[in-house]
Amino acid sequence: MIIDSHCHLQMEDFSNDLPSVLSNAKINGICSFVVVGFDMKSSIAAMHLARKYEFIHPVYGIHPYDTNKYDSSVFNEIEDLIEEYRPVAIGETGLDYYRDYSPGKKQQSFFNEHIRIADKHNLPLVIHVRDAFDDTFEIIKESKRKGDILHCFTGTREDIEHFKVFDIFFGITGIITFKNSPLKNIVNSIPENRLLIETDSPYLAPVPKRGKRNEPANLIHTLKTLAEQKGTDTKTLESLLLRNTQEAYRSKFYECKKGT
Ligand SMILES: [Zn+2]
């Protein structure tokens, strides 16, 4: 059984064919999905999907890109959502200085608010970082948090060494399948028990689907490349990733039953 540890199946990209996307995933052994919010609308939509499908697990939060759309009262709304249907994590939050959709200070204060809520509800955080590893490091260090999830990891070997101290999980996307991806060389620096895989659907389709809409079924390509890099077989890797995903999200997850 494989879990897509980070995807956005609530997005409009899937509004016409979600049932076939889900069955295509299942045929390929992917039968549980962490659906991550990035603003209020998508967080609520993740909750609705989780109510509808027992194999969908929601995450609520405001992406650093979207922090500009809100003031801090949005965190009351997130708390209401948590009361209504408990998520498996809070996010995606974090810092992105690559695109300046929202000022850095606002992103930092929102990151800290997500931390406060995650602490309060004893939930892990899903963290997005781009061109902001130093500030992210300082904020996590200050918060004294452990065991959060660094999604779509694209840092360096040095970043892995730094962030390891937080017992953080590293999410590997289809980027590892890209030709000359630096991830290929550094993935073995990630501690075995801190490795996750994700599609980040509809984004970042792996080779051989690169450039198309991504969907959870494509996780098998990322799994295969990762197994090659680690010098192991996909079955062994699958059971390692299952244990890691359960530990990261502190959840058992929906289990596929044979023949269903
Ligand atoms: Zn995402």
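Buried means under 20% relative accessible area. The legends below describe a predicted model.

**View 1. The zinc ion and its four donor atoms.**
Glu92 has a relative accessibility of 2%, so this residue counts as buried. His6, at 1%, also falls under the cut-off and therefore counts as buried. Together with His8 and Asp200, these residues coordinate the zinc ion at 2.1 to 2.4 Å. The histidines use NE2, Glu92 uses OE and Asp200 uses OD. Angles between the four donor atoms run from 85 to 178°, which makes the arrangement irregular.

His6 belongs to strand β1 (residues 2-7), and Glu92 belongs to strand β4 (residues 89-96). The pair therefore ties together parts that are 86 residues apart in sequence.

**View 2. His121 in helix α4.**
Helix α4 spans residues 104-121. His121 has 12% relative accessibility, so it counts as buried. Its side chain makes a polar contact with the side chain of Glu79, at 2.7 Å. Leaving out residues up to four places away in sequence, His121 touches Glu79, Ile82, Glu83 and Arg86.

**View 3. Ile56 in the largest nonpolar core.**
This core has 69 residues. Leu9, Phe33, Ile56, Leu150 and Phe163 have the most contacts inside it. Neighbours within four places in sequence aside, Ile56 is in contact with Leu9, Phe33, Val35, Ala46, Leu49 and Ala50. A second, separate core has 13 residues, including Val36, Val88, Ala89 and Phe253.

Note on methods. Residues are numbered from 1 along each chain as its sequence is written. This is a predicted model: local features need pLDDT of at least 70, side-chain atom pairs count only at pLDDT 80 or more; totals for chains, interfaces and linings use all residues. Side-chain values use heavy atoms; hydrogens and water are left out. A nonpolar core is a set of buried Ala, Val, Leu, Ile, Met, Phe, Trp, Tyr and Cys residues joined through side-chain atoms within 4.5 Å. Buried means under 20% relative accessible area, exposed over 50%, partly exposed in between (1.4 Å probe, protein chains only). Contact means heavy atoms within 4.5 Å. Helices (H or I, at least four residues) and strands (E, at least two) are DSSP runs, numbered from the N terminus. A polar contact is a pair of N or O atoms within 3.5 Å; within protein, one must be able to donate a hydrogen and the other to accept it, and residues adjacent in sequence count only if both atoms are side-chain atoms. Donors are N, O and S atoms within 2.8 Å of the metal (3.2 Å for Na, K and Ca); water is not among the atoms, so sites may look incomplete. Four donors count as tetrahedral if all angles lie between 85 and 135 degrees; four count as square planar and six as octahedral if opposite donors are over 155 degrees apart and all others between 65 and 115; anything else is irregular.
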